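Please read the following report alongside the sequence and the coordinates.

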Amino acid sequence: MTSPDHPGGGPPWTVRVAMWSARHRWPVFAAWFLATIGLFVASLAMGGTNTQNAVSNDDRAKYEAAHAYDVFNAGGTKDPAEFFYLVISSNSGTLDDSAVAASVQRVVASMADVKAAVGGQQVATFSDIVNPLQAGPQSGLISPDKTSVRVVAHIKGEGQTVEDKLAPVPAFVAQARADNPGLTVYALSNTLANDEISTVITEDLDGSLRLTIPLTFLILLVAFGAVVAAAVPLVLAITSLLAAFGFLGIYSQVVSPVSPYATQLVVLIGLAVAVDYSLFMVTRYRTERHRRGYDSHRFYSRAVYLRRVALTLLAAVAIVGGAVAGGPLVAIGTAIALGIVIWALWRLMERGDPTQKLQAIEIASGTAGRAVFFSGLAVMISIAGLLVLDDPFFRSMAIGTIAVVLISVIGSLTFLPATLAILGNGVNAGQLAIPFQALGLTPLVRLLDRNRDEGSGVWSALTRRVMSRPLISAAVVVLLLLAMATPFTRLHVGSGDLTSFPDTVDSVKAINLMNAKWPQGSTLPLVAIVTRADEPATKALMDALSAKVLAIHGVSGPVTTDLSKDGKVAALNYTLAGGLNDYANWDIVRLVRSTVVPAVFTPATGVQAYITGDAAFALDQTDFYAKALPQIFVFVLGLSFLLLLVAFRSIVIPIKAIILNLLSTSAAYGLLVLVFQEGWLKDVIGFKPGVIESFVPLFIFTILFGLSMDYHVFILARIKEARDRGLNTNAAVAKGISITSGTITSAAAIMVVVFGVFVTLKTSVIQQLGFGLAIAVLLDATVVRSILLPATMRLLGEWNWWLPGFLRWLPQVTIEAPETESVEGAPATA
């Protein structure tokens, strides 16, 4: 065959790669497993995935809030130490009750006895313990209602030393609770909180896989109507995930630690993308075999069916019986089961003349395979827009997501053709209709028949109805999407803190208790970093600064001062009420930075002052992403426009695709605000309403834009294929959309299920991402692709393919290669 994007003649390179893989099926099949599993094993050997803390302001982009600490540490870092809080609250009574005070005193005194093994020696866990009963009410460590206290201490050291010192703390807290049933006791430190959150994230990841893989298999089973065809995409997905985990682990060990959410995002995107790409390829392969006269049903007699059921049961009995009996019977049972499995796999393989199956693979790789390549490229381009942000936390999530998409595309062009070449018509084995046919239940056989003629079914009827009334259909859908997008105008983004995690986490319980008992603020700091602090004149100015800051409503004392190691920089610590995402606290940060600091430290003083703290970090991070939004929009929209412009040689198609994607994205944003910010369905889904994480809208935009391009490219490729065969635009649109809608629906159903499962997890950030993407994909694959796309293409007619004269020089890069009936060369391996 010849191709416009291959001037020397012959198939495009993507088809050549796929056909080479099909002809060398066994080496490619084995190499894929060796490469993907080997990458994962290599990362484990290097120490696994090194993640950043989920609750930390370290290693972020250099906001003013981060630069302030660089200034503080410029004269040398102080001996590392981590703050530790022990929150003690009386269940009945106050500290005025001598019995309550005595119980609290016993717990505080016992802290000095906590020892840990560090470097082979027993050392004290806590140092610099501040007893609130001795410090008095002016310390702020006793709650206004005198029912609760905060014990403040330090844990000297960092990293593994702190981990070792904290090892006995859970047992200490449990003992304090047991010895004092009238007290509520919680421990809180950065390391404790991050360890608990890491456990939640890991449990969420394991739980998501246990749910998504079976649900995905069920959807594929319904989509294909055959067990083997449903299993092939899952094999690609699981191996792609392993390879992506391996890549992410190696990156985290060699380059820099990655976000704790990176692995969840790899599963979130990787499982959906890998399965969808396989769905497109396998569907086209089966369609081509069916179109060439192969009847995939080949129903067997009842005796054959019952014999296969008996063999399956025998394998199960051999495994279970051997496991129960133990000893050598385990090996015997496993050997019997393995023999049956190998025999069944051997029976699945299509042998004999390979011409028919290689022709189908060539056409599938030249059509669906090429569409997968370009759509995968669109996804990676979209997500690559996140790399323009100077934020290691965000960059690692983007790199992990791009890696799993790239691996899935590579697998679609190598592993899938090799697997299809091995299986041949065996990919249709295990059809759902077979047992019902063997039992004579013909109506159910027809219902489960997945080899219907192209363009038949409900989607074809819907497409014809939409194209008969395109203006009304388009107007209704646009108004519906705009109505859904309306809540987006009330968007409040922020930075997640401990309170966004489940209330079952002990550290969250500690924060909630402190917020309840210290309404004026307890642990939310506002910090002023001041240079030249060793000069007498500066000390007077710092007192003036504190007076002005404490006069602001919402700021409280006591003011504590911490000096840098060389004594030249001071950190003035104040306390804010409320949460780090409260607009009132952001206004305080802006006020102090823009008005108070310039008024106190004029240029003549030569003193520099920087405002930091958790609220300042949240404000700076939100502003950082807001300022980056135009850059990412230009990058993603610009490159997507160029990709579609070159692929379809039309200026209308990319503009229309961008508009449709922006509509579905805006609707998803609106529903995200309605649910997660304003609390709709909070009791149904099970989450705590709050701010939208500052990077979630950006991530949803880039991922959704890439995924929706996936569908758009797949549909338009079939439309263009029909048009190139001589149909006019309206007929090509009707045919292309009607014959792809079933596949698009199955693909979207998989994505919605995968993303929807993440809504049920315990991590707020992942819940928001899962919900936003699930809703967006659902809207995109239904009302947008099935109604708005055909309506707008019907309205524009031949204008869909308009290319201005000054762009005629563009290269002709085809999405779908022309079909051929010949297959060059014989297979290299049997």
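The report takes up the aromatic rings and then the hairpin.

The model is a predicted one, in which local features need pLDDT of at least 70 and side-chain atom pairs count only at pLDDT 80 or more, while totals for chains, interfaces and linings use all residues. Residues are numbered from 1 along each chain as its sequence is written, and side-chain values use heavy atoms, with hydrogens and water left out.

A search of the whole structure finds 15 aromatic pairs, where rings of Phe, Tyr and Trp (its six-membered ring) pair if their centres lie within 6.5 Å, and where planes under 30 degrees apart count as stacked, over 60 as edge-to-face and the rest as tilted. Among them is the edge-to-face pair of Tyr583 and Trp586, with 5.7 Å centre to centre and 75° between the planes. Because these two residues are three apart in helix H23 (residues 583-600), about one helical turn separates Tyr583 from Trp586; helices are DSSP runs of H or I with at least four residues, and strands are runs of E with at least two, numbered from the N terminus. Accessibility is classed as buried under 20% relative accessible area, exposed over 50% and partly exposed in between (1.4 Å probe, protein chains only).

| Residue | Relative accessibility | Class |
|---|---|---|
| Tyr583 | 44% | partly exposed |
| Trp586 | 3% | buried |

Elsewhere, ring pairs link Trp26, Phe29, Trp32, Phe33 and Phe415 into a cluster.

Strands S2 (residues 115-118) and S3 (residues 121-124) run antiparallel and are joined by four bridges, two strands being paired if DSSP finds at least two bridges between them. Lys115 has Ala124 in S3 as its bridge partner. The two strands form a hairpin with two residues between them, and Gly119 in the turn has a positive phi of about 60°.
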